[in-house]
Every structure is written in structure tokens, then in C-alpha cells.
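Subject: Structure for your review

Dear colleague,

Please find below the structure that I am handing over to you. My findings follow directly after it.

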Amino acid sequence: MTPRITLAITARVLRQLTRDRRTLAILLVLPCALQALLWWIFKDDPLVFDRVGPALLAIFPFFVMFLVTSVTTLRERSGGMLERLFTLPMGKLDFLLGYALAFGLVAMVQAVLAVSVAVGLLGMDVGGPVVMLGVVGVADAVLGTALGLFVSAFARTEFQAVQFLPAVVVPQILVCGLLTPRDAMPGVLHAVSDVMPLTYAVEAMDRLASGEALGRVWADLAVVVAFGLAALALGAATLRRRTE
């Protein structure tokens with residue numbers, strides 16, 4: 001890995017994103033809009049929003065980053081851009097880290113906007129440090145980016161990349177504790193949720209909302225980061241230069 005090349009990839013991806021207003025709107029505006037929609041649905045029962053809102057601060061960035069990254073990476077490969085980039089002195093890790101860093105910077109802006117809207121504008125009640133909501137949100141968005149980079153290697157078309165959503169993302173949403181407490185799930189589903197990274201992001205958000213000790217939040221956050229690093233390593237191992 002060469003830091004100069006990695007940063008050059010990062011700058012290139014950021015330039016592309018700033019030119020693509022639709023993608024930028026999906027990344028920055030959509031999570032805020034979905035939070036506002038949720039608040040509107042439960043406007044007459046704010047306790048529901050306070051209970052579900054923190055979990056969705058983890059789920060929405062993860063979902064959006066996974067979708068955008070997997071499709072964007074596949075487009076790079078199928079269009080021949082990735083093959084041309086690899087004619088330069090660039091390694092796979094340079095490419096993946098460059099993408100992860102670029103989307104990580106976008107995730108920081110995304111987290112600030114989403115948390116500001118949820119807490120400042122919509123009045124979500126949080127017992128812990130508000131800034132930690134942003135930290136967990138960024139880590140979870142980067143995790144979605146890393147998983148999107150990884151699964152894009154197994155898709156041949158953008159439609160196939162989108163098909164990974166119900167296979168990779170939706171099961172994690174179903175068992176992460178959003179719909180029902182994990183302790184109330186059947187034993188098998190509880191065990192499955194234990195190996196799903198989104199579970200730990202949602203639990204970190206819930207702990208922050210209820211004002212639990214930060215030590216447990218940091219432990220959950222460490223698991224999310226570990227899953228993200230593992231996904232990047234797998235992405236480097238499976239990345240192909242072009243779609244056959």
C-alpha cells in the first residue's frame with residue numbers, strides 16, 4: 001500500500017461524488033428524510049420514535065452506503081476503469097482503502113446531518129453523549145462501504161449488485177433487535193444475530209440512547225470496526241479488475 005496512491009484514489013472518488021448530485025443526495029439527504037418520515041409516523045407517540053430512532057441511525061447509513069458502494073465499484077469494473085487503474089502502480093488495497101476513506105469522509109458529513117436532524121430538529125431523547133451517536137454512525141457507514149466493496153466482486157451487473165441487499169442487509173435488519181428484543185428471539189436466531197455486525201451497531205446506539213456506560217458502547221464499536229476491517233481484507237482478496 002502506498003499512502004500517496006491511496007489518497008489519490010480518495011480524491012478521485014470524492015470528485016466523482018461531487019459531480020453526481022443524485023448519489024450525493026442519496027448519501028446525505030436520504031437518511032435525514034427517512035428519520036423525519038419516521039418521526040412523522042409516530043408524531044403522536046414520541047416514545048416510539050425515541051426507542052426506534054437510535055437504531056435507525058445505525059441502519060440507514062449502513063443500508064445506503066452498502067447499496068451505493070457495491071453499485072459504484074461494479075460500474076468501475078464493468079466500464080473498464082478499474083482495469084485501467086491497475087495499469088498504474090496501484091495495489092488492490094490502495095483502491096479499497098481509497099474508496100473506504102472517501103466514503104468514510106462522506107459518512108462523517110452524513111452522520112453529522114442525521115444526528116443533528118434526529119436530536120436537534122426532531123427532538124430524539126438521548127441519555128448518552130450525542131457526539132458518540134455520530135461516531136457509531138460513521139463506523140457503521142464505513143462497515144456498509146466495506147461490505148459493499150466485498151460483495152461487488154461477486155456481481156456481474158448492477159442489478160445483481162442490488163440483489164445482494166436482501167441477501168446481506170435485510171437479514172441483519174430483521175435480527176438486529178429493531179423489530180423485537182434479541183432476548184425474545186428463538187435461540188437459533190439469537191445465535192445468528194450474534195455474528196451479524198449490524199447487531200452491534202444497533203446495540204451501541206441503544207446503549208447511548210439509554211445512557212449506559214460508555215465502556216459497553218466502545219466494546220460494540222470495536223466489533224463493528226473489526227467486521228469492517230475483515231470485509232476490506234476479503235475485498236482485497238476477491239477484487240477482480242474487470243467483469244467477464
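V223 is located in helix α11. The model is a predicted one, and in it V223 has a relative accessibility of 25%, so this residue counts as partly exposed. V223 is 106 residues away from V117 in sequence, and their C-alpha atoms are 27 Å apart in space.

Helix α11 spans residues 214-238 and packs against helix α10, residues 197-210. The angle between these two helices is about 155 degrees, and their axes lie 8 Å apart. Because angles over 145 degrees count as roughly antiparallel, α10 and α11 are described as roughly antiparallel to each other. The crossing in which α10 passes α11 is left-handed. On the side of α10, the contact is made by P197, Y200, A201, E203, A204, R207 and L208. On the side of α11, L214, R216, V217, D220, V223, V224 and F227 take part, so V223 belongs to this contact. By class, the residues of the contact of α10 with α11 comprise 10 nonpolar and four charged ones, with no polar residue.

Two further residues of α10 deserve a description. T199 is found in helix α10, and its relative accessibility of 0% means that T199 counts as buried. Setting aside residues up to four places away in sequence, T199 touches V175, C176, R182 and S193. V202 also lies in helix α10. Is V202 buried or exposed? V202 counts as buried, at 1% relative accessibility. Apart from neighbours within four places in sequence, V202 is in contact with A55, A58, I59 and C176. The C-alpha atoms of V202 and L221 are separated by 9.9 Å, and these two residues are 19 apart along the chain.

Helix α11 also packs against α6, at an angle of about 135 degrees and with the axes 9 Å apart. The helices α6 and α11 are therefore oblique to each other, and their crossing is right-handed. In this contact, K92, L93, L96, L97 and A100 of α6 meet L232, G235, A236 and A237 of α11. The contact of α6 with α11 has seven nonpolar residues, one polar residue and one charged residue.

The other helix to report as a partner of α6 is α1, residues 3-19. The angle between α1 and α6 is about 50 degrees, and their axes are 8 Å apart. These two helices are therefore oblique to each other as well, and α1 passes α6 in a right-handed crossing. From α1, the residues I5, T6, L7, I9, T10, R12, V13, L14, Q16 and L17 are involved. They meet D94, F95, L97, G98, Y99, L101, A102, F103, L105 and V106 of α6. Sorted by class, the contact of α1 with α6 has 14 nonpolar, four polar and two charged residues.

S116 lies in helix α6, which covers residues 92-121. With a relative accessible area of 42%, S116 is partly exposed. S116 and L34 are 82 residues apart along the chain, and their C-alpha atoms are separated by 14 Å.

L143 is buried, with a relative accessible area of 1%. Which residues does L143 contact, leaving aside its neighbours within four places in sequence? They are F62, P197, V224, F227 and G228. Of these, P197 is among the α10 residues, and V224 and F227 are among the α11 residues, that make the contact of α10 with α11. L143 and A153 are 10 residues apart in sequence and 16 Å apart in space, from C-alpha to C-alpha.

Finally, I come to the nonpolar core. In soluble globular proteins, nonpolar side chains tend to be buried together. The largest nonpolar core of this model has 67 residues. Those that touch the most other members are L27, L57, I59, F103, L133, L178 and L198. Helix α4, residues 46-78, contributes the largest share of this core, with 14 residues. L57 touches Q35, A114, V115, A118, M124, L133, G137 and M205, residues up to four places away in sequence not being counted.

Yours sincerely

Notes:
Residues numbered from 1 in each chain as written. Predicted model: local features only at pLDDT ≥ 70, side-chain atom pairs only at ≥ 80, totals over all residues. Heavy atoms only, no water. Axes fitted to C-alpha atoms, helices over the stretch in contact; angles between N-to-C directions. Helix = DSSP H or I, 4+ residues; strand = E, 2+ residues; numbered from the N terminus. Parallel < 35°, antiparallel > 145°, perpendicular 65-115°, else oblique. Left-handed = near helix turned anticlockwise from the far one by under 90°. Contact = heavy atoms within 4.5 Å. Nonpolar A, V, L, I, M, F, W, Y, C, P; charged D, E, K, R; others polar. Core = buried A, V, L, I, M, F, W, Y, C linked by side-chain atoms within 4.5 Å. Buried < 20%, exposed > 50% of the residue type's maximum accessible area, 1.4 Å probe, protein only.
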